[in-house]
Amino acid sequence: MSNSSSITQFLLLPFADTRELQLLLFWLFLGIYLVALLGNGLIITAIACDHRLHTPMYFFLLNLSLVDLGSISTTLPKAMANSLWDTTAISYLGCAVQLFFFFFFVSAEYFLLTVMAYDRYVAICKPLHYGTLLGSRACVHMAAALWGSVFPYAVLHTANTFSLPLCQGNALDQFFCEIPHILNLSCSHSDYLREAGLLVVSVLLAFGCFAFILFSYVQIFRAVLRIPSEHGKHRAFSMCLPHLAVVSLFISTGMVEYLKPPSISSPSLNLLVSFVYSVVPPAVNPVIYSMRNQELKDALRKLAQYMLFHQQ
């Protein structure tokens, strides 16, 4: 029987058993990672360089792209390295660091999506108060409060999880380090309940954010339906639909990951769902936001023209 003091590494769940499939998956993961880096990097650069996009909506979108870059960089590079080098091991310290940053970025993304829902609510339902409620100083304070509160929250969960005595081996049923899978290795019922209690608090906070997002969009759709002109309705929907799509993708994949019935669980299905939940949203969010946003498209086009011109 092992304990946490004797564990020096954890074994992650492999994506494939054959060497050929591992190398194929490495190139697939590399392609997805490069797409995510390029998409989010272009959005960050376009917003930072185009003064017309220096508004609350794009300020929060820039923060979302930073979160997405951090989130996918926490999980996918290690999966790529394991596929390339035919290993499943991650060091004890590496696992703790990965768990911290994944929890940090996922929590930041959810709270940020909630703030962005508030931004859309004020813009459409209270347009005359938009400059007062969401001025530049207010936006900076909201972003600082978000990042500042998520950091100690992630530290608390990480420290609490890795203070548990572990005696159920070192094999994780996941391709990256995550709190529920570390808890499954615990041999202390009281310590397990302590972290489980913190997770319950997290679920309640998440439900509160979800309720706020839902309330915001109920009010938004009521306000949009009262707009007399078709052009005004189309513009309002263009502002909201990308955010609503990103929220739906983030919440739906998370719900499938954590609320799927045990009766349909299998290692391959768990691996697929975990991959979709942790990798797909950061990779496709830039596409979702740029599809219906003409201002962002124009900024990206100008950025591309500027880069091509200076290369010549």
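Visitor: Is Tyr92 buried, partly exposed or exposed?
Guide: The model is a predicted one. Buried requires a relative accessible area under 20%, and exposed requires over 50%. Tyr92 has a relative accessibility of 23%, so this residue counts as partly exposed.

Visitor: How many aromatic pairs are there, and what is the geometry of the pair formed by Tyr92 and Phe162?
Guide: The count comes to 26 aromatic pairs. In the pair of Tyr92 and Phe162, the ring centres are 5.4 Å apart and the planes stand at 80 degrees. Planes over 60 degrees apart meet the criterion, so this pair is edge-to-face.

Visitor: Which helices hold Tyr92 and Phe162, and how many residues apart in sequence are the parts that the pair ties together?
Guide: Tyr92 belongs to helix H3, whereas Phe162 belongs to helix H5 (residues 136-162). The pair therefore ties together parts of the chain whose separation in sequence is 70 residues.

Visitor: Is Phe162 buried or exposed?
Guide: The limit for a buried residue is a relative accessible area under 20%. Phe162 has a relative accessible area of 13%, so Phe162 is buried.

Visitor: What is the geometry of the ring pair of Phe100 and Phe151?
Guide: The ring centres of Phe100 and Phe151 are 5.7 Å apart. Their planes lie at 85 degrees, so the pair is edge-to-face.

Visitor: Where do Phe100 and Phe151 lie, and how many residues apart are they?
Guide: Phe100 is in helix H3 and Phe151 is in helix H5. The pair thus links distant parts of the chain, with a separation of 51 residues.

Visitor: Which accessibility class applies to Phe100, and which to Phe151?
Guide: Phe100 has a relative accessibility of 13% and counts as buried. For Phe151 the relative accessible area is 46%, so Phe151 is partly exposed.

Visitor: At roughly what angle do the axes of H3 and H5 cross, and what is the handedness of the crossing?
Guide: The axes of H3 and H5 come within 9 Å. By class, their contact has 22 nonpolar, four polar and no charged residues. The axes cross at roughly 145 degrees, and the crossing is right-handed.

Visitor: Which residues have the most contacts inside the largest nonpolar core?
Guide: This core has 89 residues. Its largest share, 20 residues, comes from helix H3 (residues 92-125). The residues with the most contacts inside the core are Phe10 and Leu61.

Visitor: Which residues does Phe10 touch, not counting residues up to four places away in sequence?
Guide: With residues up to four places away in sequence left out, the contacts of Phe10 include Thr88, Ala89, Ile90, Cys95 and Leu166.

Visitor: Where do H2 and H9 meet, and what is the handedness of their crossing?
Guide: The axes of helix H2 (residues 56-85) and helix H9 (residues 267-291) come within 9 Å and cross at roughly 145 degrees. Residues of H2 including Leu61, Asp68 and Leu76 meet residues of H9, among them Phe275, Pro282 and Tyr289. By class, this contact has eight nonpolar, four polar and one charged residues. The crossing is left-handed.

Visitor: Which residues of H3 and H9 meet?
Guide: The axes of H3 and H9 come within 12 Å and cross at roughly 35 degrees, in a left-handed crossing. The contact divides into five nonpolar, two polar and one charged residues. Phe102, Val106, Glu109 and Met116 in H3 meet Tyr277, Ser278, Asn285 and Tyr289 in H9.

Visitor: Which residues are linked into a cluster by ring pairs?
Guide: Phe102 and Tyr277 take part in the contact of H3 with H9, and both belong to the cluster. Ring pairs link Phe15, Phe29, Phe102, Phe175, Phe176, Phe275 and Tyr277.

Visitor: Is Gln98 buried or exposed, and which residues does Gln98 touch?
Guide: Gln98 is found in helix H3. Its relative accessible area is 5%, so Gln98 is buried. Not counting residues up to four places away in sequence, Gln98 touches Thr74, Thr75, Lys78, Ile90, Phe176 and Cys177.

Terms used: Residues are numbered from 1 along each chain as its sequence is written. This is a predicted model: local features need pLDDT of at least 70, side-chain atom pairs count only at pLDDT 80 or more; totals for chains, interfaces and linings use all residues. Side-chain values use heavy atoms; hydrogens and water are left out. A nonpolar core is a set of buried Ala, Val, Leu, Ile, Met, Phe, Trp, Tyr and Cys residues joined through side-chain atoms within 4.5 Å. Buried means under 20% relative accessible area, exposed over 50%, partly exposed in between (1.4 Å probe, protein chains only). Helices (H or I, at least four residues) and strands (E, at least two) are DSSP runs, numbered from the N terminus. Contact means heavy atoms within 4.5 Å. Axes are lines fitted to C-alpha atoms, for helices over the stretch in contact, and angles run from 0 to 180 degrees between N-to-C directions. A crossing is left-handed if the near helix is turned anticlockwise from the far one by less than a right angle, and right-handed if clockwise. Ala, Val, Leu, Ile, Met, Phe, Trp, Tyr, Cys and Pro count as nonpolar, Asp, Glu, Lys and Arg as charged, and the others, Gly among them, as polar. Rings of Phe, Tyr and Trp (its six-membered ring) pair if their centres lie within 6.5 Å; planes under 30 degrees apart count as stacked, over 60 as edge-to-face and the rest as tilted.
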